[in-house]
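Work through the exercises below with the sequence and the 3D view open. Try each task before reading its solution.

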Amino acid sequence: MRTARTFRRTKKTAGLLAATGVLLAGCGLTSGSPMVDDVVPGSVGKGLPLKGADITVASKEFTEQLILGAMMGIAFKAAGADVLDRTGIQGSIGARAAIENGDADAMYEYTGSAWITYLGNSTPIADPQKQWQAVHDADLKNGITWLPMSALNNTYALATNAANEKKYGTKTLSDVAALAKSNPSAVTLCVESEFANRADGLPGMEKAYGMNIPAGNITQMDTGIVYTQVQKGACTFGEVYTTDGRIQAMNLTVMKDDRHFFPNYNAAPEINSKALEKNPAMAEVINPISAKLNNAVAQSLNAKVDVDGQDPHDVALDWLVKEGFVKKGS
């Protein structure tokens, strides 16, 4: 239920989006730009199954979404399609509306966002595959078809630095709960204010795991500061997003949600059903790419943008080429 999360883009990324003319009028899109990558089929797109197709790809505006949107567009182009790039839509609702009303044909979305925010359910489904299936089945009536999900699950978690992992030996949230009971002063938390007050955030996590963390042990702060404070040990544990590139870059360890409290936010392609009916080969082109995505891949790619300052589109293209999905043209 985290569509209100704040993600910060680099100035370079924001400038690129402005240059390509990604503009919004309310929830509607008014422009985009042709995807001009010189790419040819690798392991996907052989035989150019999308030759002659006109496909518009979309994404939300934060780093991971920009990368996933670029992957999708590049893959479709390598398969022969003319691709219009409308990635970088501000806000989840606008991106969802673009797919639903046909302003865009395809994007990567998160199962938890769809189930809770768009479809109006209050209780997440613990099993990731069952969550995807429920979203898939419910969205068909909305004219949206979900393709198979990836293992990439961008959900909430707690993380600690290497020194505190060694000191306390915690691996799971149950371990954190046990530590909070045996040594209350050892468990200090750095969290966002939203997470601190959400039912699917800190209060729910404490209830699910039987934690009772004193208010004085909890410090609320902006997202980016959480990571730096955890890294230097100012707090023992901090709230993170499981695919954030800073986890890897700062050598943080994520605590396993062993009671499966947090909702699943698995990334999967959602396609306008009419567009998929017109160009069914979109599925065969994008499905192998989805199958390769997981949290480790996402962390690595996100870090190239958020830590190293690279362009999301370039990061997507380089990964697709490295994995052999597409090849650069002559």
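**Exercise 1.** Which residue in S14 is the bridge partner of Tyr110?

Solution. Note before starting that the model is predicted.
- Step 1: Find how the two strands run. Strands S7 (106-110) and S14 (267-272) pair in the antiparallel sense, over five bridges.
- Step 2: Look across from Tyr110. Its bridge partner in S14 is Ala267.
- Step 3: Check the cover of S7. Five of its five residues are buried. Ala106, Tyr108 and Tyr110 point one way from the strand, while Met107 and Glu109 point the other way.

**Exercise 2.** Which aromatic residue forms a stacked pair with Tyr110, and what parts does the pair tie together?

Solution. 
- Step 1: Search the whole structure for aromatic pairs; there are seven.
- Step 2: Pick out the pair with Tyr110. The partner is Phe62, with 6.4 Å centre to centre and 15 degrees between the planes. Planes under 30 degrees apart count as stacked, so this pair is stacked.
- Step 3: Phe62 is in the loop between S5 and H2 and Tyr110 is in strand S7, so the pair ties together parts that are 48 residues apart in sequence.
- Step 4: Phe62 and Tyr110 are both buried.

**Exercise 3.** Describe the largest nonpolar core and find the element that gives the most to it.

Solution. 
- Step 1: Count its residues. The largest nonpolar core has 48. Among those with the most contacts inside it are Leu50, Met71, Ile289 and Trp319.
- Step 2: List the elements that each supply at least two residues. They include strands S5 (54-60), S7 and S14, and helices H2 (63-78), H13 (281-292) and H15 (312-322).
- Step 3: Find the top contributor. H2 gives the most, with nine residues.
- Step 4: Examine one member, Trp319. Leaving aside neighbours within four places in sequence, Trp319 is in contact with Met71, Ile289, Lys292, Leu293, Val297, Leu301 and Phe325.
- Step 5: Look for another core. A second, separate one has 36 residues, including Tyr156, Ala186, Tyr209 and Cys235.
- Step 6: Recall the general pattern. In soluble globular proteins, nonpolar side chains tend to be buried together.

**Exercise 4.** Which strands pair with S9, and in what sense?

Solution. 
- Step 1: Take S12 (residues 237-241). Four bridges join S9 to S12, and the two run antiparallel. Tyr156 stands opposite Tyr241.
- Step 2: Take S13 (253-254). S9 and S13 pair in the antiparallel sense over two bridges, and Ala159 has Val254 as its bridge partner.
- Step 3: Check the faces of S9 (residues 156-160). Tyr156, Leu158 and Thr160 on one side and Ala157 and Ala159 on the other are all buried.
- Step 4: Follow the rings. Tyr156 and Tyr241 belong to a cluster linked by ring pairs, together with Phe195, Phe261 and Phe262.

**Exercise 5.** Where do Leu48 and Asn251 lie, and what are their phi values?

Solution. 
- Step 1: Most residues other than glycine have a negative phi.
- Step 2: Read the angles. Phi is near 50 degrees for Leu48 and near 55 degrees for Asn251.
- Step 3: Place the residues. Leu48 is in the loop between strand S4 (39-41) and S5. Asn251 is in the loop between helix H11 (245-249) and strand S13.
- Step 4: Classify Leu48. Its relative accessible area is 35%, so Leu48 is partly exposed.

Methods: Residues are numbered from 1 along each chain as its sequence is written. This is a predicted model: local features need pLDDT of at least 70, side-chain atom pairs count only at pLDDT 80 or more; totals for chains, interfaces and linings use all residues. Side-chain values use heavy atoms; hydrogens and water are left out. A nonpolar core is a set of buried Ala, Val, Leu, Ile, Met, Phe, Trp, Tyr and Cys residues joined through side-chain atoms within 4.5 Å. Buried means under 20% relative accessible area, exposed over 50%, partly exposed in between (1.4 Å probe, protein chains only). Contact means heavy atoms within 4.5 Å. Rings of Phe, Tyr and Trp (its six-membered ring) pair if their centres lie within 6.5 Å; planes under 30 degrees apart count as stacked, over 60 as edge-to-face and the rest as tilted. Two strands pair if DSSP finds at least two bridges between them.
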